[in-house]
Amino acid sequence: MLRLLAGVCLLFAGWGTFCQAAPAQTPSAMGAEASASEQAARIQLGRRLFYDADLSGDGSMACASCHEQRHAFADGMPTHAGITDEAGVRNVPSLGNVGAFKTLTWLDQHITTLEQQVSTPVFEHGPVEMGMPDWPTLLHRVSGDACYQKLFAQAFKAENGRIDSRTVPEALAAFERTLISRESLWDKAQQKKADLPEGAQRGAALFFGSARCASCHTGDVFSDQSFYVITPNHPARVRTPSLRNVGVTAPYLHDGSAPTLNAAIQAHTHSPAFSPMDEKALEAFLQTLTDQSFLHNPALALPPESCPV
Ligand code: HEC
Ligand code: HEC
């Protein structure tokens, strides 16, 4: 029985539009080469799975329960309890541009593909998130749904529409690679299509200049993808997070311990001391990294409940 997650974002949902996967993203390692129409079908299918609470043990929690579009696919809480109410340990990261990351999660250097990452929230116990007992239970549930049968048949032709522990993660990962956010005010200013407010311009000058933020928060996603200890309170080495959409992903840091941007900036104990004016300017710059079109793109929202095929 398919149980789509009820929630926000339904209004403009439509099956018609799809994002192109970004060229930099890794294609599926093992899958047969997919045609363009198969790829589009995989993305649709992955989107449905992403919003489907049937992927959790008790049918109460979807990926989208923690990764909400309006928070750039983070969730606005320090941590998020799973289906058993066991407290979460880490802050839910945004999934914006997640296909560009070489390693996944805040601290783990061994999870290197989106396909591989899927089993962590679905099955793992440290802490329980979606609390699915095992692959056979999940596959039994998904396979029992007539709509999924049709969607898998369209999305995985060489596999004869097989619903298994490879095709489910591949579909989810195909959708996740369309979570591309590159249309912030900052991007528009870079393309000379908009002007940054003065405070944000000063913040940008600091960020890329004397404040040396860009020595780690660099490149297209504002992350060098390396691991650092930035504060003695958090001794673990943490992957430099992307700063895109950081204006809508509070609270911050791997444990959600910084409630505001200001607190997150101050947690960097090796940074130079900033005047309140500098802090305001840095924040104003960070706010220009919010991409409204990403937060409202109907192709990324909760899909209609009716079967699209
Ligand atoms: C209970 C909340 C919760 C649910 C449900 C959940 N996640 Fe997450 N997700 C998290 C947290 C917390 C992290 C960070 C984990 C860590 O760093 O150890 C995370 C990390 C990720 C990452 C890595 C992002 C990055 O920047 O490296 C991806 C990708 C991801 N989740 C995808 C999914 C998918 C796909 C699903 C559904 C199959 C899902 N998540 C379900 C809470 C959740
Ligand atoms: C040495 C590398 C490094 C430098 C330099 C650096 N950062 Fe960070 N930044 C990180 C890491 C690593 C984290 C994650 C730390 C954690 O979660 O414990 C982080 C986290 C953040 C966050 C929170 C993001 C989130 O999603 O939780 C913000 C905001 C931020 N940095 C802004 C800045 C600003 C502004 C500067 C310049 C004043 C700066 N950073 C300089 C490495 C760096």
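In this predicted model, Asn160 is exposed, with 8 other C-beta atoms within 10 Å. The residue lies in the loop between helix H6 (146-155) and H7, and Asn160 adopts a positive phi of about 55 degrees although it is not a glycine. A positive phi also occurs at Thr105, likewise not a glycine, where the angle is about 80 degrees. Thr105 belongs to the loop between H2 and H3 and is partly exposed, since 16 other C-beta atoms lie within 10 Å, a count between the limits of 12 for exposed and 20 for buried residues.

Ligand 2 is surrounded by 26 residues, of which Cys213, Cys216, Tyr252, Leu253 and His254 are the closest. Helix H10 (261-266) and helix H11 (276-287) are the elements that supply two or more residues to this shell; the largest share, three residues, comes from H10. The shell around ligand 2 contains 17 nonpolar residues, eight polar residues and one charged residue.

Most peptide bonds are trans. A cis peptide bond, however, joins Ala250 and Pro251, with omega of about -10 degrees; Pro251 is placed in the loop between strand E2 (238-239) and H10. Another cis peptide bond links Gly126 and Pro127, with omega of about 0 degrees, and Pro127 occupies the loop between H4 and helix H5 (135-143).

How values were computed
Residues are numbered from 1 along each chain as its sequence is written. Chains are lettered from A and ligands numbered from 1 in the order in which they are written. This is a predicted model: local features need pLDDT of at least 70, side-chain atom pairs count only at pLDDT 80 or more; totals for chains, interfaces and linings use all residues. A residue is near a molecule or strand if its C-beta atom, placed from the backbone, lies within 6 Å of it. Helices (H or I, at least four residues) and strands (E, at least two) are DSSP runs, numbered from the N terminus. Ala, Val, Leu, Ile, Met, Phe, Trp, Tyr, Cys and Pro count as nonpolar, Asp, Glu, Lys and Arg as charged, and the others, Gly among them, as polar.
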